[in-house]
Amino acid sequence: MTAFLKNYTSKQLNQIVFPGSHDAGIYGQGKSNVITQSLNIGEQANAGVRFFDMRIATVKRSDGSLDQKSYHLGKGVIDNKHKGAKPGEVQSHQNVSHLGGWGQDTLSDMLTQAKTYVLANPSEFLILKFSKCYNLKDVVDTCVRVLGDTQFNYNKSGGAAINLNTRTVGSLAGKVITLFDPKELEKLGFVIRGQIYSGCLSFGELFNKETKTSRQYQKEFHGLQYFGKFSNTDDIKKNTKKQAATMGGGTSCDRDAMGMMYWTTTGMLGDIKARNDKMWTGVNVQALRDVWEAGYKKAMINQLGALSFKDLYTKNSRYYVANKNSWTSFTPNIVMIDFADYQKCVTIYNLNRVRSEMLETLMQQSGHAIENL
């Protein structure tokens with residue numbers, strides 16, 4: 001097992017780059033246009049993944065019992081969740097047919113894998129983002145029950161709101177962090193504070209589809225806020241172009257906002273793995289680096305260009321950096337991938353070195369230096 005984060009314990013979450021798994025629960029055997037991963041959750045964690053995209057629904061087994069599993073739906077897939085339902089009624093199961101499919105393991109299995117990993121690797125954290133889930137109350141209850149003390153719980157951090165963006169890696173170590181759509185939690189009527197659901201943090205999507213710029217970043221947000229957009233294309237060149245434009249839009253973000261970059265071409269039809277293999281050939285790996293570097297450099301220059309470098313060292317300046325290790329600007333922090341494996345993850349973690357070198361070079365050119373980047 002490799003501890004990828006042990007050297008970053010003093011870093012804020014928004015100062016490091018790490019891999020994310022797109023449709024993380026869709027692994028194993030299945031349709032080539034459905035399966036997005038070859039490793040289970042525990043194996044992905046061992047390979048280096050630290051952020052997991054989880055979409056859960058309830059499926060009825062052949063014996064009539066119910067299971068919670070990951071699902072993958074494409075355009076045109078039949079979703080019978082609301083068929084015959086009365087207003088406000090929650091259906092007991094969902095059918096996924098035609099173009100879609102189910103993951104291999106149950107939610108309980110996947111949570112157990114995540115729990116086992118952080119217990120065996122106390123310097124590491126895992127982030128599970130639950131979106132587009134059905135029967136969310138059941139999903140939340142399963143997370144609380146299975147994860148137990150390994151679920152990151154803000155009550156154990158003093159009860160105050162937790163802005164994950166500026167938390168240190170060390171403060172998250174050994175925990176599984178669960179994120180949910182705040183609007184969906186609100187529908188459940190949860191009174192989060194002081195209750196059993198204090199491990200339910202939220203995710204905030206900052207990308208504004210209308211303006212292509214960032215929504216307002218909230219300093220007191222209870223969870224994680226990121227700027228990014230899924231390209232929704234199975235064309236490698238189109239995805240590269242779209243992600244370059246999106247990451248370039250990071251200049252509109254608050255300096256503490258996190259970036260989410262998608263290096264995926266999932267699409268609706270065709271073999272996802274075959275396309276993904278092409279994305280990790282030499283020329284396209286370089287394209288990944290180029291898109292990432294361009295997005296970071298544009299935001300970095302914008303941030304530093306908005307102030308005089310001396311402001312970083314002037315105590316009365318709003319930009320003063322008492323701890324030189326805490327300086328940051330918008331970064332494509334989370335790189336979402338399909339078919340995660342060790343080599344892909346290493347490629348992404350190596351961007352941390354690139355980030356440090358880019359910032360150090362710019363600082364030296366200005367006649368200043370920030371230590372321990």
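Let's start at lysine 69, which stands opposite threonine 106 in β5. For us, two strands pair if DSSP finds at least two bridges between them. The names come from DSSP runs numbered from the N terminus: helices are H or I with at least four residues, strands are E with at least two.

Before going on, a word on the model: it is predicted, so local features need pLDDT of at least 70 and side-chain atom pairs count only at pLDDT 80 or more, while totals for chains, interfaces and linings use all residues. Residues are numbered from 1 along each chain as its sequence is written, and side-chain values use heavy atoms, with hydrogens and water left out.

Okay, back to the sheet. It's an open one of 3 strands, in the order β3-β4-β5, with antiparallel pairing. Which strands stand at the edges? They are β3 (56-60) and β5 (101-106); each has a single partner strand, so one side of each is left without a neighbour in the sheet. From one strand to the next, the twist averages 50°. Helix α2, residues 107-120, packs on this sheet and touches β3, β4 and β5, and its direction makes about 55° with that of β5. Contact here means heavy atoms within 4.5 Å. Axes are lines fitted to C-alpha atoms, for helices over the stretch in contact, and angles run from 0 to 180 degrees between N-to-C directions.

Next, helix α3. It has 12 residues, 136-147, and at 1.5 Å a residue it should span 16 Å; the end C-alpha atoms are 16 Å apart, which agrees. That expected span is 1.5 Å times one less than the number of residues. Buried residues in α3 include Leu136, Val139 and Leu147. Buried means under 20% relative accessible area, exposed over 50%, partly exposed in between, with a 1.4 Å probe and protein chains only.

Now look at the loop between β6 (126-130) and α3, where asparagine 135 lies. Most residues other than glycine have a negative phi. Asparagine 135 isn't a glycine, yet its phi is positive, about 55°, and it is buried at 12% relative accessible area. After α3 comes glycine 148, also with a positive phi, near 55°.

Leaving aside neighbours within four places in sequence, aspartate 53 has contacts including His22, Lys129 and Met336.
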